[in-house]
Amino acid sequence: MENNEKTDSSKITAYLTSPGKKNCMENDKSDSKCFTPCKVELNSNSFATPCSDRKGINKTGKPVMTVNSPRARMNRKKKLIETGLDNKLLTDYFPVRRSCRKPKSEIEKEKRAELEEKILNNVEEGLEVATLGEKGRGVVATRKFLRGDFVVEYAGDLIDLSTAKQREKEYSENPQFGCYMYYFVHKNRHYCIDATAESGRLGRLINHSKTSGNCHTKLTEINARPYLMLMASRDISVGEELLYDYGDRKKESLESHPWLKF
């Protein structure tokens, strides 16, 4: 009987002091709720009696052994977090990486500001006037334009529809004048940009092509005023002539200017 008690005592001691089961691990020595392992003695009823410094009593009033199990460590950690004693964050151990990428809204805002600056400052970079045989004057690119790039403003007098019709009648009676009038609708109102007068601006000299255009018109508004721009419809190479579709399909226009068909 005495030998059996010694054997049981040695097994329990080995269990409590085994790795992962002993009361206090080396990395948890600072935990105030850890207890040092002690020798467990067996009484006549052959159950383990805790040492005087061991805590824990079950509902029946019998002492319960406390083991430094993963669940016990988790519960202690949870209590520390709840009481505010452990408020460590991931950023306490790893630096925060902030993205250098700009949001889409900011990029669009910068593009818009750049476009407005070009229009208001009459920027006409990468263009030159050239004589193109039977066409007469035209505009060619002196630098590469990418699809969607601003090319030039179609600049002239911004007038209402009634004024435009009156001017157009006057121009038709005088063969000296060509037709450099561009009609459009903006916010349900009809407008016309009259670029007939020789102003030195290049947008008015870009020729028409219904099938081979590399530019297209686009409206924008700056300070409550509409502006007409020419944008690159595709990539444009150096030396290439700039062309866009005038969009005039009226019968009388086609009869007077047959080149509008092409």
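Visitor: Which helix gives the most to the lining of the second largest pocket?

Guide: Please keep in mind that this is a predicted model. The second largest pocket has a volume of about 330 Å³, and its lining includes E108, K111, R112, E114, L115 and K118. The helix that spans residues 104-120 supplies six residues to this lining, the most of any contributor, and that helix is α3.

Visitor: How many residues of that lining are charged?

Guide: Among the lining residues are R143, D149 and K218, alongside others such as G148, F150 and M231. When the lining of the second largest pocket is divided by residue class, three residues are nonpolar and one is polar, while the charged ones number eight.

Visitor: What is the order of the strands in the open sheet of three strands?

Guide: β5 (150-153) and β10 (215-222) are the edge strands, each pairing on one side only. β10 pairs with β11 (residues 225-232) in the antiparallel sense over eight bridges, and within this pairing T217 stands opposite L230 in β11. The twist averages 35° from one strand to the next, and the pairing in the sheet is antiparallel, with the order β5-β11-β10.

Visitor: At about what angle does α3 run to β10?

Guide: The helix that gives the most to the pocket lining, α3, also meets the sheet, whose strands are β5, β11 and β10. α3 lies across β5, β10 and β11, and its direction relative to β10 is about 95°.

Notes:
Residues numbered from 1 in each chain as written. Predicted model: local features only at pLDDT ≥ 70, side-chain atom pairs only at ≥ 80, totals over all residues. Heavy atoms only, no water. 1 Å grid on protein atoms, 1.4 Å probe; cavity = no way out; pocket = protein on both sides within 12 Å on 5 of 7 lines; lining within 4 Å. Points joined across faces, edges and corners; volume = space filled by probe spheres on them. Helix = DSSP H or I, 4+ residues; strand = E, 2+ residues; numbered from the N terminus. Nonpolar A, V, L, I, M, F, W, Y, C, P; charged D, E, K, R; others polar. Pairing = 2+ DSSP bridges. Axes fitted to C-alpha atoms, helices over the stretch in contact; angles between N-to-C directions. Contact = heavy atoms within 4.5 Å.
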